[in-house]
Amino acid sequence: QDISGKVVGFSQIGSESGWRAAETSVTKQQAEERGVDLKFADAQQKQENQIKAIRGFIAQGVDAILVAPVVATGWDDVLQEAKEAEIPVVLLDRGVEAPEDLYLTSVASDQVKEGRVAGQWLVDNVGSEDCKVVELQGTVGSSPAINRKKGFEEAIAGHDNITIARSQTGDFTRSKGKEVMEGFIKAENGGADICAVYAHNDDMAVGAIQAIKDAGLKPGTDIKVVSIDGVPDIFQAIAAGEANATVELTPNMAGPAFDALAAYWADGTEPEKFIITESKLYTAADDPEGEYERRKGLGY
Amino acid sequence: MSETGYVLEARGVVKVFGNHVALDKVNFGLMPGEVHALLGENGAGKSTLIKVLTGAYQPDGGEVLVESQPVTLNNPQHAQTYGIGTVYQEVNLLPNRSVAENLYLGHQPTRYGFVDRRRMERDARTVLARYGLDLDPGSELGTHSVAVQQIVAIARAVELSGKVLILDEPTASLDRNEVERLFDVVRSLKAQGLAVVFITHFLDQVFAIADRVTVLRNGRLIETRALTDVTRTDVVRLMLGKDISFSGATALEEARPAGEVLLDFRNYGRKRSVHPFNLTIHKGEVIGVAGLLGSGRTEMARIMFGADPADEGEVRVAGQKTAIDNPTDAISRGFGFCPEDRKAEGIFGELSVRENIVIALQGKLGWFSALNRDEQMEIAGRFGEAMDIRAASLDMPVKLLSGGNQQKVILSRWLATDPAFLILDEPTRGIDVGAHAEIVRTINRLRDEGLALVVISSELDEVVAYSSRIVVMRDREMVAELHGENINPGVIVQAIASNQTGASA
Amino acid sequence: MTRRMLGRLANPQLLALVGVLLINWLLFPSFFRVTWQDGRLFGSVIDVLNRGAPVAILSIGMVGVIATKGVDLSVGAVMAVAGAVAASLVVAGYPAPVAVIAALLVGLLCGLWNGFLVAVLDIQPIVATLVLMVAGRGIAQLITQGFIVTFNDPLLIFIGTGSFLGLPMATVIALVLLVLVTLLVRKTAIGLFIEAVGVNRAAASLAGIRSRMLLILVYALSGLCAAIAGIIVAGDIRGADANNAGLWLELDAILAVVIGGTSLLGGRFSVPLAVVGALIIQAMNTGILVSGFPPEFNLIVKAGMIILILLIQSPLATRIAPRRPQRARIGVQRTAK
Amino acid sequence: MSRSLRPLLATAVIFAIAYGLSVMQFPGMFSTRVLGNFLTDNAFLGITAVGMTFVILSGGIDLSVGAVIGFTGVLVAVLISWMGLHPLVAFAIALIVAAVFGGLMGLAIHALEVPSFIVTLAGMFLARGGASVITQDSVPINHPFYDWISDLLIRLPGGGRLSFIGLLMIAVFVVGALVAHRTRFGSYVYALGGNTVSASLMGVPVARTTVAVYMLSSVLAALAGIVFSLYTSAGYPLAAVGVELDAISAVVIGGTLLAGGYGFVLGTFIGVMLLGLVQTYIIFDGTLSSWWTKIVIGVLLFLFIVLQRLIFAASAPGEKVAEKA
Ligand SMILES: Nc1ncnc2c1ncn2[C@@H]1O[C@H](COP(=O)(O)OP(=O)(O)OP(=O)(O)O)[C@@H](O)[C@H]1O
Ligand SMILES: Nc1ncnc2c1ncn2[C@@H]1O[C@H](COP(=O)(O)OP(=O)(O)OP(=O)(O)O)[C@@H](O)[C@H]1O
Ligand SMILES: [Mg+2]
Ligand SMILES: [Mg+2]
């Protein structure tokens with residue numbers, strides 16, 4: 001269906017990580033391909049800014065609104081307003097706790113599942129050996145941090161040989177990831193006791209890999225590295241044998257969203273309420289160089 | 001009323017700062033309906049005593065009694081509830097608030113819980129009229145001159161004090177008329193039965209208004225006497241513990257042969273500030289500057305020093321035409337400047353006496369030729385001794401010194417730079433007779449050593465005593481230059497007064 | 001001379017640092033274990049030195065600013081800008097020295113801008129530097145277009161992660177800066193002038209001190225230090241992260257200076273003690289990390305630490321338990337009495 | 001007085017011009033909807049900024065307000081959703097907690113003679129840390145009372161809404177202005193900002209006023225936190241990060257001198273609206289990346305402070321005021 005000429009507002013969280021930047025540029029690409037006039041608003045990681053943006057879009061009378069909500073709660077009122085203005089809203093990459101009739105659909109990954117996939121990979125790869133895992137959490141209180149932790153813990157539950165020895169926040173950033181990993185290494189006998197590191201995103205994993213190297217250990221061999229997102233740099237690390245696995249979170253949330261909107265506008269087709277993107281595991285066996293090349297241009 | 005008859009009394013009050021005893025078992029009593037002068041050299045403890053009496057400090061020993069009842073005054077506001085009102089040594093008001101609010105802050109009339117601004121301003125206008133001030137009570141206090149601010153402070157204290165009014169050097173920045181006006185007010189308050197404490201370094205004023213006098217020296221009570229029993233010399237002797245020759249007694253300066261020309265200001269002036277003036281200054285000469293308050297003396301001094309650069313005319317230093325656009329230029333040509341507002345523009349309160357003394361010299365030497373500590377100690381010690389600065393240590397913060405000693409520190413600062421030309425703006429304001437005489441002596445000595453000086457002073461006797469020439473300012477314009485026998489108070493007053501148009505408040 | 005040295009060592013800041021380190025040691029017994037590995041020292045204390053370096057460098061620049069009664073809120077943003085400039089230039093193919101120098105120049109420029117606002121336009125430092133704090137991060141993002149610009153340039157990486165004589169490069173740079181700046185302010189009259197301007201700018205001008213030049217100098221130095229820190233942080237993660245680099249570090253730097261005994265009201269200051277302040281903060285952070293404290297307590301521990309230090313340093317405490325009357329006084333020795 | 005009125009006037013004129021230009025480019029910006037949004041969306045910022053105005057007028061600064069908003073949101077959410085308290089009871093508790101918190105900060109500032117910057121920085125860490133210790137998650141609030149308040153709104157022709165929280169902000173501004181300009185307490189606040197030593201010698205209860213000012217700021221921040229929880233029906237420990245900077249910017253743009261002693265509560269209102277206008281403009285444009293928001297706000301701040309500087313410099317006798325400690 002042709003949706004060119006439609007005006008769509010997109011309230012993005014911010015540009016706090018490489019993945020987020022990629023999502024922004026992919027969304028812009030997708031809009032361009034379809035001839036959609038995308039109104040972009042970056043909320044600088046603040047919910048209040050997102051609410052302002054959505055209200056602004058409503059006031060402008062856009063045809064649809066995409067929103068990547070920074071937190072799950074607190075959207076009822078503004079979504080209600082959008083509904084009253086008859087503007088369909090599509091949620092991207094995170095869900096919200098609001099009545100389902102307030103939005104058209106939600107395109108998101110299953111964050112708990114991402115954690116579970118990562119955990120499962122570890123379970124499959126350590127066998128019955130004892131394995132002390134250190135965890136680099138995302139920003140304290142953010143929903144991916146909470147869910148990815150939960151999923152990972154679910155996966156390793158029942159495997160008593162795998163324990164989370166330490167868990168600290170690395171704020172989803174490389175530098176904090178590196179700093180925290182350095183601390184972990186010191187705290188765990190110079191890193192000798194650590195069997196694996198689980199990072200809530202690839203940026204922190206990249207930082208951790210550097211910390212492991214600085215400590216004279218081999219990331220990927222001495223300490224296994226598993227993380228989530230699938231940004232280009234982690235594929236490079238996998239190719240170099242410095243990281244072991246990543247769970248992809250596709251930055252293309254907008255594509256399915258536009259498709260759903262197109263169908264909805266064409267004949268009023270109500271899409272599925274939850275469009276779940278794939279949480280695919282990549283390891284050294286999955287052509288990491290190729291994956292790197294494919295992603296490099298996306299502006300991670 | 002009690003047996004002693006004192007409204008406010010200090011008994012055996014002790015106040016210690018660190019290891020310095022500022023007040024040592026001082027007794028002090030105030031009768032209703034008297035004006036009581038409190039005298040003493042700089043640092044004698046006058047301000048400290050009244051701060052204890054008004055709750056700004058807590059005594060370390062002894063007690064404060066109000067109408068013979070021992071009381072603990074927690075703060076000045078608490079003292080106000082006993083009818084004790086105070087004007088502290090520095091003008092302590094709020095330049096950012098309106099005149100009316102400064103008069104009534106804390107006691108504003110309210111209506112339904114809100115400040116009744118109209119009534120407050122009306123009352124303020126009435127009160128100020130009593131002091132001969134006619135100004136908009138709604139205007140910002142900071143836009144008025146220091147004198148006006150001082151009067152507002154006094155008016156405020158008078159309004160708030162039912163029984164006692166304490167004035168710590170209220171006249172230091174007032175001119176004659178204003179002092180007269182103030183005295184009228186004090187007399188009428190006295191007639192109403194108020195006790196007034198009056199601190200000043202002007203003995204004339206003491207004799208003009210006070211009934212009794214208390215003299216402090218080095219934190220000790222020397223004596224309290226009725227003024228009818230004492231002469232000026234008695235008082236001075238009590239203050240100093242020795243006889244001195246009073247500065248007024250110095251012989252009139254005869255017309256001396258002027259040295260070579262050091263400075264020549266031609267049509268020098270600054271728009272909206274001082275009218276262009278012509279002034280030639282020779283080596284070994286003191287130029288006195290006389291004029292009413294707000295006549296532009298300070299501004300002229302600042303222009304000469306480059307603190308506010310001149311925008312017309314030219315200046316020659318030793319025949320060379322130069323530009324003096326900022327103090328650094330001026331200092332590099334051997335200028336020095338003691339500003340009149342010591343606290344705001346003179347001292348570096350947190351820094352040590354030593355650093356305060358060497359700073360201008362160091363400024364002259366520049367960033368990269370630093371004096372080391374020993375050199376600093378030596379310089380500070382030398383000038384500190386020459387000026388008789390009383391400080392426990394050269395490394396103590398200068399803010400802990402009394403006003404007069406701070407002034408000496410600033411003078412030392414400039415002397416350390418070995419200047420050729422010094423501008424002193426009110427160098428003797430707020431300074432006791434001893435230090436006063438010393439500064440006058442210093443001025444004379446410097447002149448004899450060949451320095452050129454410009455000295456601004458409101459004390460005519462003093463200006464007359466040391467000036468080789470006097471220029472008179474009026475309405476920001478240099479209106480007269482007096483030589484030889486014209487240098488006497490009568491002529492000066494004539495010059496200031498002639499054609500007196502709109503002199504401000 | 002030795003008495004003077006000893007007196008200097010027995011100050012609350014160093015005691016606090018020792019205290020924090022001891023607590024770390026109690027919570028984590030091998031805290032002080034240092035080994036030699038791959039030609040460099042390795043251990044938690046070394047981490048404190050390495051991770052504390054950026055804030056220490058910021059505080060070296062910040063202390064002069066605060067001594068003049070100012071504050072520089074923009075340093076975190078300037079770090080991001082400098083990192084972005086360096087990374088973008090090497091990615092664009094310029095040689096690393098060019099990129100580094102350009103980044104330093106940009107930092108210097110930012111500092112000059114702040115100095116201009118404060119000294120020439122006479123704007124209060126908090127607002128003046130707030131401008132660049134807000135806009136700077138935007139400019140950094142503009143340069144990187146919102147992406148993390150990664151690089152593989154060996155020189156930049158060496159600055160961030162290399163080592164010299166076994167010590168992390170960042171620590172070495174911080175040390176060198178500390179020595180240079182301390183010499184600059186104490187062996188010349190600049191230190192005295194900074195204090196004079198901080199105490200009373202009007203009086204300083206009348207005493208012939210070029211307070212404008214001086215203010216511009218201290219802000220420029222602060223900008224330069226921020227740029228150095230920004231390059232280190234970018235080199236450390238091999239990428240310029242405009243969104244996160246230096247985020248809220250201005251607060252840590254200010255905190256470090258205040259812990260170091262320099263009053264926000266200007267006046268007396270000490271460069272070495274500001275660095276000690278930075279180390280105290282980092283020792284706390286590292287301590288929390290290695291002792292396995294839950295992350296949500298990080299901020300509370302930090303707040304508790306500030307409160308404690310403020311209590312110890314406050315005039316009230318001095319009154320209750322009189323210690324030696326002065327706090328941070330460096331280079332000024334009282335005559336023994 | 002007229003001198004300090006001028007920056008206010010300048011701010012108002014610039015707001016009017018900027019708004020006019022925006023409307024010329026996007027006529028949609030002149031609608032009851034956008035105007036209503038201005039109030040609703042900036043309600044918590046506005047309420048916070050009123051408290052900040054008092055703090056700044058008194059010569060201090062309060063960095064803790066953003067964290068207090070976050071903390072209050074979490075506290076209220078936990079009290080309602082986990083403990084089952086009625087929202088009004090929860091509000092009362094939150095306000096009391098904030099009052100104690102602010103009072104303690106004020107006390108520390110006064111008694112320890114430490115600059116407000118550093119005390120409130122500690123307060124910021126404490127409040128933010130406290131919120132994350134209570135919960136790290138966003139806690140939703142589902143209570144009929146909340147729904148009832150959300151429905152309390154006046155619908156304007158053209159789709160605009162005057163919400164309860166928007167009106168609450170206006171009420172806070174009105175009361176704030178009355179307190180600042182028409183009560184003794186207000187004059188004490190200005191007195192502190194003018195010169196603390198003078199104020200104390202003139203009998204201003206410095207300790208009590210300082211404590212009250214920070215108490216007021218924290219209480220208003222808590223009220224803003226409540227508003228924020230009404231706005232989002234949730235409590236989230238990371239809510240309102242950096243709002244203190246927005247509030248300070250709004251106060252400064254509104255013509256209040258950061259050194260204290262000069263300024264108007266009304267100016268802060270215009271400042272808040274101007275910040276809102278910039279954001280709305282960038283949303284309406286829709287092609288400007290977020291960094292432009294930061295750059296534009298930076299430039300705006302710069303323009304305003306230079307403007308104020310020119311105005312204050314043009315009337316010289318105030319010079320000495322600017323030099324004070
Ligand atoms: N807060 C303080 N700390 C330490 N010493 C102080 C303090 N206040 C005053 N002093 C010292 O106490 C002594 C008495 O000072 P005070 O101000 O009472 O003198 P004064 O008689 O008013 O002098 P002046 O005529 O110069 O004003 C001085 O030596 C002064 O240095
Ligand atoms: N820019 C200005 N605009 C308006 N009035 C000004 C300006 N600058 C100074 N004045 C006023 O000009 C007058 C001259 O002040 P100045 O301080 O030079 O006088 P003075 O003779 O030294 O008095 P004092 O004895 O108080 O020092 C004062 O009344 C002052 O308030
Ligand atoms: Mg005195
Ligand atoms: Mg004068």
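1. The pLDDT is the predictor's confidence in each residue, from 0 to 100. The model under review is predicted, and the mean pLDDT of chain A is 89, with 99% of its residues at 70 or more.

2. In chain B, an open antiparallel sheet is built from four strands in the order 14-13-16-17. Strand 14 (274-282) and strand 17 (320-322) of chain B each have a single partner strand and stand at the edges, so one side of each lacks a neighbour in the sheet. From one strand to the next, the twist averages 20°.

3. Within this sheet, strand 13 (residues 261-270) and strand 16 (residues 312-317) of chain B are paired in the antiparallel sense over five bridges. Phe265(B) is placed opposite Val315(B) of strand 16. Helix 9 (residues 297-305) of chain B lies across strands 13 and 14, at about 65° to strand 14.

4. Between chain A and chain C, 34 residues of chain A are in contact with 33 residues of chain C. The area buried between these chains is about 2,700 Å², with carbon and sulfur atoms giving 51%. On the side of chain A, Gln168(A), Arg174(A) and Lys186(A) lose the most area to chain C, together 23% of what that side buries.

5. Three salt bridges are found across the interface of chain A and chain C. Lys178(A) forms a salt bridge with Asp236(C), their closest N and O atoms being 2.3 Å apart. Helix 6 of chain A gives eleven residues, the largest share of the side of chain A that touches chain C.

Technical notes
Residues are numbered from 1 along each chain as its sequence is written. Chains are lettered from A and ligands numbered from 1 in the order in which they are written. This is a predicted model: local features need pLDDT of at least 70, side-chain atom pairs count only at pLDDT 80 or more; totals for chains, interfaces and linings use all residues. Side-chain values use heavy atoms; hydrogens and water are left out. Two strands pair if DSSP finds at least two bridges between them. Helices (H or I, at least four residues) and strands (E, at least two) are DSSP runs, numbered from the N terminus. Axes are lines fitted to C-alpha atoms, for helices over the stretch in contact, and angles run from 0 to 180 degrees between N-to-C directions. Contact means heavy atoms within 4.5 Å. Buried area is the accessible area (1.4 Å probe) that two parts lose on being put together, summed over both. A salt bridge is a side-chain nitrogen of Lys or Arg within 4 Å of a carboxyl oxygen of Asp or Glu.
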